[in-house]
2 protein chains.
Amino acid sequence: MKIAVDAMGGDQGLLATVKGSIDAVNELGVSIILIGDEEKIKNELSRNEYSGDKIEIINAEESITNDEEPAMAIRRKKQSSMVIGLNLVKDKEADAFVSSGSTGALLTGGLLIVKRIKGVDRAALAIPYPTKKGISLLLDAGANTDCKAKYLQQFAVMGSIYAEKILSISNPKVSLVNIGTEEGKGNELSKEAYGLLKNANINFAGNIEARDIPEGNADVLVCDGFVGNIILKLTEGLAMSIFSMLKEEFMSSFTSKIGALLLKPGLRKFKKRLDYTEYGGAPLLGTKGVVIKAHGSSDAKAIKNAIKQAKVFVENKVIEKIEAEINSLGGNYDTEERF
Amino acid sequence: MKIAVDAMGGDQGLLATVKGSIDAVNELGVSIILIGDEEKIKNELSRNEYSGDKIEIINAEESITNDEEPAMAIRRKKQSSMVIGLNLVKDKEADAFVSSGSTGALLTGGLLIVKRIKGVDRAALAIPYPTKKGISLLLDAGANTDCKAKYLQQFAVMGSIYAEKILSISNPKVSLVNIGTEEGKGNELSKEAYGLLKNANINFAGNIEARDIPEGNADVLVCDGFVGNIILKLTEGLAMSIFSMLKEEFMSSFTSKIGALLLKPGLRKFKKRLDYTEYGGAPLLGTKGVVIKAHGSSDAKAIKNAIKQAKVFVENKVIEKIEAEINSLGGNYDTEERF
């Protein structure tokens with residue numbers, strides 16, 4: 001198995017991507033294609049004393065930053081590490097592509113270059129969302145801001161397959177994010193989607209209110225990309241602000257400072273539970289090839305985990321299963337291209 | 001000034017509503033009409049040794065519970081404390097109505113009985129949202145699941161007036177909840193709303209991402225009722241689950257238990273900062289009369305605060321200001337009735 005890795009992406013850049021790739025080669029028995037500044041990659045490989053033959057390098061003249069307009073960047077920067085990596089997947093020269101670069105560019109590039117599976121109207125970004133019980137898979141997390149009900153039905157099916165095959169959850173519970181639990185609650189979109197989810201070949205558990213999301217009773221959370229992004233970002237923001245408020249209170253007196261000191265290991269463990277870099281990358285579901293978005297702040301371990309995830313994705317033939325399941329849903333699919 | 005209070009609503013029922021009303025009479029100099037089971041109210045008044053003449057009682061044969069379908073309950077239970085209270089406002093026999101009963105029923109009843117201000121397409125529920133810096137006013141918090149851009153424009157205008165007049169924030173910063181900060185980001189609704197908010201007579205601060213909401217940089221947060229409800233409920237759920245996870249970690253060892261003990265006052269203070277019952281009730285904005293939803297878990301203090309809020313609302317002629325401002329926006333308004 002050969003997995004392409006965007007060497008240039010993420011906050012930690014080559015430090016994380018090269019080390020993570022070496023660890024993946026050693027621990028997972030995969031081959032890696034590292035795409036990026038060849039000289040720098042070579043330096044980093046030798047700094048890590050890697051001299052094996054399971055890592056190939058493809059030089060990339062440029063890279064796409066988070067600040068660039070995604071569609072424009074993908075169209076113009078043909079020699080970027082991201083575009084090269086996506087083309088490797090499209091041309092079947094790599095089995096999967098892992099990048100911790102710009103989410104928007106990876107999504108756009110995935111659709112433009114790797115393209116959608118036949119029958120899939122929209123590809124979705126599926127994010128592992130940390131809960132009290134472990135993780136739930138949240139999709140769509142931001143790829144599609146305006147959705148039709150049938151897109152949500154497809155997200156549900158794709159998320160269910162992914163949860164079963166990659167997250168090893170048998171008969172995953174799929175819930176529709178809504179503002180009430182009973183059928184008939186919600187906006188036009190969620191009301192219509194409810195009916196479609198009921199009729200899909202999934203373990204549909206009905207609506208879930210946002211209040212119950214952190215409990216972790218759903219394995220797959222389905223919503224449009226606007227709502228998904230709100231959920232994800234609000235969670236990040238709240239966790240950050242709750243920590244900073246706690247810190248303020250803890251630093252406010254001598255006894256509370258001592259208390260905070262005694263609690264440090266517990267707090268660290270707790271912080272880890274909320275940290276979704278622990279749970280691997282986010283797959284783009286619905287494209288013809290395997291594309292995994294690793295978190296922007298990924299360290300070497302997170303990159304290795306994302307590579308492992310890509311490997312399991314390929315081994316389990318998730319794309320073929322999505323294709324079969326989506327086609328069994330029937331229905332007329334949008335033929336319009338999104339870009 | 002005469003304020004009608006639903007004596008039967010809320011988790012604490014008469015304990016909170018009667019005591020809160022007595023405190024309001026004593027501290028704020030208002031007159032109160034308590035609506036509910038007359039005998040029980042009389043008992044509760046004498047238990048609190050109130051014998052003044054500023055509290056009038058109107059007997060209500062029935063009350064609406066949280067489990068009832070709102071529109072049905074409002075239509076059928078003409079003798080409920082909530083319907084009687086709303087009719088008092090409509091008939092100008094009371095200046096305002098405060099209830100800690102069913103949110104859905106109060107919203108529906110507000111629209112059906114008190115009715116919308118001319119020019120206002122949709123009334124919105126505005127919730128005080130606790131942030132690091134204090135509170136932001138979030139609207140719509142769930143009254144309107146499907147919105148047009150012009151509704152959001154009206155929410156922005158009404159929220160801005162309320163923040164200025166009731167929350168005493170001069171020139172309040174109004175932000176549009178979105179999934180990106182730049183103009184042009186978001187779904188169809190938020191993109192169109194951006195343009196309308198730019199042209200409204202408010203201090204429009206552009207888009208705000210959900211990640212930045214807890215920081216408290218916006219005074220007014222505008223979104224549709226579906227997204228507003230997700231934000232509110234997710235915040236509640238996360239705060240609860242973060243506390244329970246913290247508790248787990250804190251109880252995991254002897255040293256951490258001692259640590260938690262030392263931190264108790266800080267934690268309590270922190271919890272209070274997140275507790276939105278501290279910040280008064282949620283007004284229904286856009287109706288012809290003043291309707292305030294007090295939190296379901298309101299204690300006597302929260303009820304008194306909601307009454308105070310109603311008083312300031314009336315004194316500041318907020319409804320007249322909303323009417324003038326909405327009419328200055330121009331445009332063709334929906335004439336269809338929602339119920």
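**Close-up views of a predicted two-chain model**

**Figure 1. The loop that holds A:Asp140.** A:Asp140 sits in the loop of chain A that runs between strand E7 (134-139) and helix H6 (149-165). The model shown here and in the other views is predicted. The peptide bond leading from A:Leu139 into A:Asp140 is cis, and its omega is near 0°. In general, most peptide bonds are trans, and most residues other than glycine have a negative phi.

**Figure 2. The loop that holds B:Asp140.** In chain B, B:Asp140 is found in the loop between strand E7 (135-139) and helix H6 (149-165). B:Leu139 and B:Asp140 are joined by a cis peptide bond, with omega about 5°.

**Figure 3. A positive phi at A:Asn171.** A:Asn171 is not a glycine, yet its phi is positive, about 50°. This residue belongs to the loop of chain A between H6 and strand E8 (173-178). Is A:Asn171 buried or exposed? A:Asn171 counts as exposed because it has 11 C-beta neighbours inside 10 Å, and the cut-off for exposed is 12 or fewer.

**Figure 4. A positive phi at B:Lys115.** B:Lys115 also is not a glycine and has a positive phi, about 70°. The loop around B:Lys115 lies between helix H5 (103-114) and strand E5 (124-125) of chain B. B:Lys115 has 16 C-beta neighbours inside 10 Å, so it counts as partly exposed.

**Figure 5. The five-stranded sheet of chain A.** Five strands of chain A form an open sheet with mixed pairing, in the order E6-E7-E10-E8-E9. Strand E6 (127-131) and strand E9 (203-209) are the edge strands, and each pairs on one side only. On average, neighbouring strands are turned by 35° against each other, direction ignored. E6(A) and E7(A) run antiparallel and are joined by five bridges. In one of these strands, E7(A), A:Ile135 is the bridge partner of A:Pro130.

**Figure 6. Helices packed on the sheet of chain A.** H6(A) packs on the sheet and touches E7, E8 and strand E10 (220-222) of chain A. The direction of H6(A) makes about 165° with that of E10(A). H8(A) also packs on the sheet, where it touches E6, E7 and E8 of chain A. The direction of H8(A) makes about 145° with that of E7(A).

**Figure 7. The contact between chain A and chain B.** How many residues does the contact take from chain A and from chain B? The contact takes 45 residues from chain A and 45 residues from chain B. On the side of chain A that touches chain B, helix H8 (225-250) and helix H9 (254-274) each supply at least two residues. H8(A) gives the most to this side, with 17 residues. The residues of this side of chain A divide into 20 nonpolar, 13 polar and twelve charged.

Key
Residues numbered from 1 in each chain as written. Chains lettered and ligands numbered in written order. Predicted model: local features only at pLDDT ≥ 70, side-chain atom pairs only at ≥ 80, totals over all residues. Helix = DSSP H or I, 4+ residues; strand = E, 2+ residues; numbered from the N terminus. Buried ≥ 20, exposed ≤ 12 C-beta atoms within 10 Å, placed from the backbone. Contact = placed C-beta atoms within 7 Å. Nonpolar A, V, L, I, M, F, W, Y, C, P; charged D, E, K, R; others polar. Pairing = 2+ DSSP bridges. Axes fitted to C-alpha atoms, helices over the stretch in contact; angles between N-to-C directions.
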